[in-house]
Amino acid sequence: MKAQRRSPKEPVISALGGGHWKAARDGRLALQRCDACGQWVHYPSAVCDRCMSTELSWQDTAGRGTVESFSTVYRGFAAEFEQDLPYTVALVRLDEGVNLLTWLVGIEPDGAEIGMRVEVEFERISHEITLHRFHPAETGP
Ligand SMILES: [Zn+2]
């Protein structure tokens with residue numbers, strides 16, 4: 001049987017990343033955290049990158065952070081993203097200290113700023129996949 005082509009908009013759920021996607025479907029931004037030393041671990045891993053413990057669990061973050069970097073895309077490079085143009089890809093540093101690659105929403109194309117406070121929202125794109133997005137935070141830190 002021929003494998004069905006998957007849209008690049010739909011990330012593949014890896015064996016290690018299931019906890020993140022399950023939480024996202026419930027409207028929570030969860031990342032792995034080491035039960036031994038408390039280190040947040042992202043991307044999903046079988047071991048803590050600080051203490052090498054294999055005792056990791058999924059914990060909810062506060063879903064708030066600060067824009068570290070961003071790039072606004074005006075020209076389409078894949079048909080699946082044409083309808084989203086222009087869109088802004090950002091590296092958000094969560095208050096938990098983890099950098100997360102995401103999209104900014106709820107802003108004008110030239111409205112992103114480094115240091116901008118943002119908070120998570122979710123966009124369900126299929127039965128399995130709900131993506132995290134970030135919009136400007138309503139109030140200060
Ligand atoms: Zn650890």
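**Aromatic rings around Trp103**

The count comes to four aromatic pairs, where rings of Phe, Tyr and Trp (its six-membered ring) pair if their centres lie within 6.5 Å, with planes under 30 degrees apart called stacked, over 60 edge-to-face and the rest tilted. One of these pairs is Phe81 with Trp103, which is tilted, with 6.0 Å from centre to centre and 50° between the planes. This pair links distant parts of the chain, 22 residues apart, since Phe81 lies in the loop between β4 (64-73) and β5 (87-94), and Trp103 in strand β6 (residues 99-104); strands (E, at least two residues) are DSSP runs, numbered from the N terminus.

The model is predicted, so local features need pLDDT of at least 70 and side-chain atom pairs count only at pLDDT 80 or more, while totals for chains, interfaces and linings use all residues. Residues are numbered from 1 along each chain as its sequence is written, and side-chain values use heavy atoms, leaving out hydrogens and water.

Phe81 is buried, at a relative accessible area of 11%, and Trp103 is buried as well, at 13%, where buried means under 20% relative accessible area, exposed over 50% and partly exposed in between (1.4 Å probe, protein chains only). The rings of Tyr87 and Trp103 are stacked, because their centres are 4.3 Å apart and their planes at 15°. Tyr87 lies in strand β5 and Trp103 in strand β6, so this pair ties together parts 16 residues apart in sequence. Tyr87 is buried too, with 6% relative accessibility. Phe77, Phe81, Tyr87 and Trp103 form one aromatic cluster.

Technical notes. Helix = DSSP H or I, 4+ residues; strand = E, 2+ residues; numbered from the N terminus.
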